[in-house]
Amino acid sequence: MDVLRVLADQRCVVCDARGAVLCVACRRALPWLRGPVCTRCGEPDPHDRLRCTLCERLGGAIGTARSAIAHDGVGGPIVRAWKDAARTPVADLAAACIIAAVARPAADCLVPVPAARARAAWRGVDGPSALADLLGRAWGLPVRRDVLERVRDRPQRGLTAAQRRRNAAGAIAARGVIRGRVVLIDDVLTTGATVRAAAHHLRGAGAERVDVVTFARVATIT
Ligand SMILES: [Zn+2]
Ligand SMILES: [Zn+2]
């Protein structure tokens, strides 16, 4: 056991208080996505469902999308701690939040969004993959990693929406065949370009339906 890591994990990832990966005060401050949400994309309080911006961005290959918390308040530091350091208890925390907030999907399997290879190797952590394993165990669903792969790593930052979509579509590829209802698992839903591309490839590989579950999401309605 890595002693340094265990000690590090005894501090709150948000405020650094001793004791747990998330202290009681920060746990109380979790920005849960509660209340009325768009039935399709899960955006909170959609004032006009006909023009829900996230629904538009997700495209036609995705059924529904759900997330546990907003990427706001303590949500941001939790996601950063998870992405930037190999802090596996954060994956446990993320899974626990999803299980508490998102109903078990009617699905045949879970598929994690494949991590950018360079990033996963450098940080030694693959958030979506770890999250899919934990959710698969809790929901009694198999995890398939053999269908999607990253074929190209190019950052999305600084691109227009159309460029992002093209970039994301070319960054992921499908190999082999998948059947039934698939739930894509990712850590954060940001622009939707990555899950949109992944869902498109899964549908092309034979999936009947693709839904999306993420730990956090960046609010699109301001
Ligand atoms: Zn705290
Ligand atoms: Zn929507």
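## A parallel sheet and the helices on it

This protein chain comes with 9 helices and 6 strands. Keep in mind that we're looking at a predicted model. Of the 222 residues in the chain, 38% are buried. Take the contacts between residues at least 6 apart in sequence: 74% of them join residues at least 24 apart.

Four of the strands form an open sheet with parallel pairing, and the order reads 1-6-5-2. Strand 1 (65-70) and strand 2 (109-112) sit at the edges; each has a single partner strand, so one side of each is left without a neighbour in the sheet. On average, neighbouring strands here are turned by 20° against each other, ignoring direction.

Next, the pairing of strands 5 and 6. Strand 5 covers residues 181-189 and strand 6 covers residues 209-217, and the two run parallel, joined over 8 bridges.

Helix 7 lies across strand 2, strand 5 and strand 6. Helix 9 packs on the sheet too, touching strand 2, strand 5 and strand 6. Here's how they're set against strand 5:

| Helix | Residues | Strands | Angle to strand 5 |
|---|---|---|---|
| Helix 7 | residues 127-139 | strand 2, strand 5, strand 6 | about 130° |
| Helix 9 | residues 193-204 | strand 2, strand 5, strand 6 | about 165° |

How values were computed. Residues are numbered from 1 along each chain as its sequence is written. Chains are lettered from A and ligands numbered from 1 in the order in which they are written. This is a predicted model: local features need pLDDT of at least 70, side-chain atom pairs count only at pLDDT 80 or more; totals for chains, interfaces and linings use all residues. Two strands pair if DSSP finds at least two bridges between them. Axes are lines fitted to C-alpha atoms, for helices over the stretch in contact, and angles run from 0 to 180 degrees between N-to-C directions. Two residues are in contact if their C-beta atoms, placed from the backbone, lie within 7 Å. A residue is buried if 20 or more other C-beta atoms lie within 10 Å of its own, exposed if 12 or fewer, and partly exposed in between; C-beta atoms are placed from the backbone.
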